[in-house]
Amino acid sequence: LPPGLPTTVTSTLGGGLSGVTPITGGSATLAIEYRPPAVTLTSDQVSSADVAVDHVLMLTATFTSPVTGVTANSFNFRRTGSTPASVTFTPGDLVAGLSNKQWVLTVEVVVNPFPA
């Protein structure tokens, strides 16, 4: 299932189940639509496509429901346009808040004058 796409799960319980007493009739179908949590990425310092002047940025990922397993590697960084190859993004602390619905990552933008 591609991330973020809803899916429907259906279930029924058959009648006359082996080992169930007394003998039961079958159930109606239960259909549940599952919608994976959506995420919004923001920063208090800049909006998307704005110019940042701080070299340390705080990014906040806010999910519509609690999630686990978020790491600094969950955030993808890439250089675009004329950004020199000597610029790197160094993930720092990752802090969970709001009952695991909000994750804050500190990122340092590093300019290496001597790229490898």
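**Exercise 1.** Is Glu-33 buried, partly exposed or exposed?

*Solution.* Start with the cut-offs: buried means under 20% relative accessible area, exposed means over 50%, and partly exposed is in between (1.4 Å probe, protein chains only). Glu-33 has a relative accessible area of 45%, so Glu-33 is partly exposed.

A word on the model before we go on. This is a predicted model, where local features need pLDDT of at least 70 and side-chain atom pairs count only at pLDDT 80 or more, while totals for chains, interfaces and linings use all residues. Residues are numbered from 1 along each chain as its sequence is written, and side-chain values use heavy atoms, with hydrogens and water left out.

**Exercise 2.** Find the salt-bridge partner of Arg-35 and classify Arg-35 by its accessibility.

*Solution.* First, the rule: a salt bridge is a side-chain nitrogen of Lys or Arg within 4 Å of a carboxyl oxygen of Asp or Glu. Next, the partner of Arg-35 is Glu-33, and their closest N and O atoms are 3.4 Å apart. The count by this rule is one salt bridge. Finally, Arg-35 has a relative accessible area of 58%, so Arg-35 is exposed.

**Exercise 3.** List the residues of the largest nonpolar core, then name the elements that give two or more residues to this core.

*Solution.* A nonpolar core is a set of buried Ala, Val, Leu, Ile, Met, Phe, Trp, Tyr and Cys residues joined through side-chain atoms within 4.5 Å. The largest one has 10 residues: Leu-59, Ala-61, Phe-63, Val-67, Val-70, Ala-72, Phe-75, Trp-103, Leu-105 and Val-107. The elements giving two or more residues to this core are β4 (56-63) and β6 (102-111); strands are DSSP runs (E, at least two residues), numbered from the N terminus.

Definitions and conventions:
Helix = DSSP H or I, 4+ residues; strand = E, 2+ residues; numbered from the N terminus.
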